[in-house]
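Here's a quick briefing to read alongside the structure.

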Amino acid sequence: MEPLSDKEIRASFVNCSKGEASRISLPRGLAELPWADLDFLGWRDPGAPDRGYVVAERAGRLVGVTLRVPQSGPRSMMKSSICSICLTGHVASGVSLLAARKVGAAGRDGNTVGAYMCADLACPLYVRGKRKPLLTARYQESLTEEERLTRMAVNLDDFLDKVFRTADVPAA
């Protein structure tokens, strides 16, 4: 991913107002992020732990979505969970259910779409081995890093498709 400016990031958000986008706390040290290792930019707001953000390139343009973490009780450190975006295994606290308001009228009506994701939204770094989950891997994948990166991109795009989908179509 190419380095992004504050202005580019804020202009990319599709499921919040411009005023809300202007108040988003951007990641600290934006210029120093490992941009070459990021396929998308994801971060949690340290001042509002129930909020997260993802900015990705989609069809040649930047798309940002705001995410919320539903409130729940404490999670067991003995259980494990898998991120639905990058398929990294974590202790249960390393994966969070993150919900994005849908775009347009559906979002204004309160409709959301959710996915279990790495709690720190650092999927690209886990796939590249630049960050290690607390859970030691109990499985060995046969896919190459490039194949895992492609799978992650497809999974993120599927999630973003649901954010943009204005009507839920039943499966055939």
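**A hairpin, a pocket and a helix**

Ala59 sits in the loop between S2 and S3. Keep in mind that this is a predicted model.

- S2 covers residues 51-58 and S3 covers residues 61-68; the two run antiparallel, with eight bridges between them.
- Most residues other than glycine have a negative phi.
- Ala59 is not a glycine, yet has that positive phi of about 55°.
- Is Ala59 buried or exposed? It counts as exposed, because its relative accessibility is 85% and the cut-off for exposed is over 50%.

**S2 and its other partner**

- S2 also pairs with S1 (residues 41-44), again antiparallel, this time through four bridges.
- S1 and S2 make a hairpin too, with six residues between them.
- Within this pairing, Gly42 has Val54 of S2 as its bridge partner.
- S2 is mostly covered, with six of its eight residues buried.

**The second largest pocket**

- This pocket holds about 340 Å³ of space.
- Its lining is made up of 19 residues, and those lying nearest the centre are Glu20, Arg51, Thr66, Arg68 and Arg101.
- S2, S3 and S6 (95-101) each supply at least two residues of the lining.
- Sorted by class, the lining comes to six nonpolar, seven polar and six charged residues.

**Helix H5**

- H5 runs over residues 145-164, and its 20 residues reach 29 Å from first C-alpha to last, close to the 28 Å expected at 1.5 Å a residue.
- Its buried residues are Arg148, Leu149, Arg151, Met152, Asn155, Leu156, Phe159, Leu160 and Val163.
- An α-helix has 3.6 residues a turn, so residues three or four places apart point the same way.
- What covers the buried residues of H5? The cover includes S2, S3, S6, S7 (112-118) and H4 (123-127).

**The loop between S4 and S5**

- Thr88 lies in the loop between S4 (80-82) and S5 (89-91), and Ser84 is found in that loop as well.
- Thr88 is buried, because its relative accessible area of 10% falls under the 20% cut-off.
- Beyond its sequence neighbours up to four places away, Thr88 touches Ser81, Ile82, Cys83, Cys118, Tyr126, Pro133 and Tyr139.
- Ser84 is partly exposed, with a relative accessible area of 33%.
- Leaving aside neighbours within four places in sequence, Ser84 contacts Ala115, Tyr116 and Asn155; Asn155 is one of the buried residues of H5.
- C-alpha to C-alpha, Ser84 and Leu97 are 9.9 Å apart in space and 13 residues apart in sequence.

**Another positive phi**

- Leu121 has a positive phi of about 55° and is not a glycine.
- Leu121 is placed in the loop between S7 and H4.
- At 2% relative accessibility, Leu121 counts as buried, whereas Ala59, at 85%, counts as exposed.

Conventions. Residues numbered from 1 in each chain as written. Predicted model: local features only at pLDDT ≥ 70, side-chain atom pairs only at ≥ 80, totals over all residues. Heavy atoms only, no water. 1 Å grid on protein atoms, 1.4 Å probe; cavity = no way out; pocket = protein on both sides within 12 Å on 5 of 7 lines; lining within 4 Å. Points joined across faces, edges and corners; volume = space filled by probe spheres on them. Nonpolar A, V, L, I, M, F, W, Y, C, P; charged D, E, K, R; others polar. Buried < 20%, exposed > 50% of the residue type's maximum accessible area, 1.4 Å probe, protein only. Pairing = 2+ DSSP bridges. Expected span 1.5 Å × (residues − 1). Contact = heavy atoms within 4.5 Å.
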